[in-house]
Amino acid sequence: MSPYEPPTHRVERSLRATTGAKVVAGVDEVGRGAWAGPLTVCAAVTGLRRAPEGLTDSKLLTVKRREELAGELTGWVTAHALGHASSQEIDELGMTACLRLAAGRALEALPVRPDAVILDGKHDYLGSPWRVRTVIKGDQSCVAVAAASVLAKVHRDARMAELGAERAEYEPYAFGDNAGYPSPVHRDALREYGPTGHHRVSWAYMDALAKWQHLKRPRLAPEAAELEAAGQLGLDI
């Protein structure tokens, strides 16, 4: 039995009843707080079927259970698709624009265009032409968003592990363990070897890398406040 309250189709049923939507997609992202690697967004359409046992926000699951659930979900969801924004796009466009970009790519890749979208969180970063309902902690309370959360997380973690194994010079960063997120090993590798081509070199962690300042890119002004709110500024590395 799951220790968490299982997600429901309450929001999806509400959207169907109030807007006439027939196809509702849940959308969630992973990689927003990472120092390296892409931002990954999954869009999942589940219908109103009973969810697999134990489905919840991917962050509340063990690695093993996430991977098991992702295997179940791949065949259980009506449809799902992934969209990505690269580290270079994040540096050039900023996080908010890249959330919209990656989510749009995921939604456009679905075999059927959704009539409505449930976004995890309180900020509608998609906007027109999508009909959006934002739900705080939607990755815990909404079946489609929880499914998107698990699928996005497992896919991105696997991709970062593959990336870490592609070239010997990536080994010190331990991408297979930290998926590009802040960690002591990742921090030490940055100090010693500097950022790779997969790092977000406009981010605040670069401020503490005196040896590698020539690789730093200026932050977009509007992003500074956003990243501070997300806990990304002033990181002591």
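1. A charge sits over a ring if NZ of Lys or CZ of Arg is within 6 Å of the ring centre and within 35 degrees of the ring normal. In this model, the charged end of R113 sits over the ring of W130, 4.1 Å from the ring centre. R200 does likewise with W203, its charged end lying over the ring at 5.1 Å from the centre.

2. A word on the basis: this is a predicted model, where local features need pLDDT of at least 70, side-chain atom pairs count only at pLDDT 80 or more, and totals for chains, interfaces and linings use all residues. Residues are numbered from 1 along each chain as its sequence is written, and side-chain values use heavy atoms, with hydrogens and water left out.

3. Now the aromatic rings. Rings of Phe, Tyr and Trp (its six-membered ring) pair if their centres lie within 6.5 Å; planes under 30 degrees apart count as stacked, over 60 as edge-to-face and the rest as tilted. The whole structure holds three aromatic pairs. One of them, Y170 with F175, is tilted, at 6.3 Å centre to centre and 50° between the planes. Y173 and F175 are stacked because their planes lie at 20°, with centres 5.6 Å apart.

4. Ring pairs join Y170, Y173 and F175 into a cluster.
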